[in-house]
Amino acid sequence: MTYVITSPCIGEKAADCVEVCPVDAIHDGGATYLIDPARCIDCGACEPVCPVSAIFHEENVPEDERHWIEINRAFFQGG
């Protein structure tokens, strides 16, 4: 399991999450930041610092945001 950044990050990109990630798993994905699922250690440090509540543990991503799980994965898999 991993954490996932969802649509509220679009246009916000406050970067608070980037600063607290201990393994540098969060990267600029263009309109939003994205979390590398291969690097994420599931620590949860990013979730509480997000000012727009865009970060969720993968199993808690709201139904209407679930497509962001694949968006995060695909970005880091080059597709």
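**Close-up 1. Cys21, a buried cysteine in a predicted model.** Cys21 comes out at 14% relative accessibility, so it counts as buried, the cut-off being under 20%. No disulfide involves Cys21. Its nearest cysteine sulfur belongs to Cys43 and sits 6.1 Å away.

**Close-up 2. Cys43, a partly exposed cysteine.** Now take the view from Cys43, which has a relative accessible area of 45% and is therefore partly exposed. Cys43 is in no disulfide either, and the nearest cysteine sulfur to it is that of Cys21, at 6.1 Å. For the structure as a whole, the disulfide tally is zero.

**Close-up 3. Phe75 and Phe76, an aromatic pair.** The count of aromatic pairs here is one, and it's made by Phe75 and Phe76. Their ring centres are 4.9 Å apart, with 85 degrees between the planes. Anything over 60 degrees goes down as edge-to-face, so that's the label this pair gets. As for solvent, Phe75 is partly exposed at 39% relative accessible area. Phe76 also counts as partly exposed, with 25% relative accessibility.

**Close-up 4. Lys13 over the face of Tyr33.** Here a lysine meets an aromatic ring: Lys13 lies over the face of Tyr33. The distance to look for is 5.2 Å, taken from the ring centre of Tyr33. The distance limit for a charge over a ring is within 6 Å, so Lys13 qualifies on that score.

Note on methods. Residues numbered from 1 in each chain as written. Predicted model: local features only at pLDDT ≥ 70, side-chain atom pairs only at ≥ 80, totals over all residues. Heavy atoms only, no water. Phe/Tyr/Trp six-rings, centres within 6.5 Å; stacked < 30°, edge-to-face > 60°. Buried < 20%, exposed > 50% of the residue type's maximum accessible area, 1.4 Å probe, protein only. Lys NZ or Arg CZ within 6 Å of the ring centre and 35° of its normal. Disulfide = S-S within 2.5 Å.
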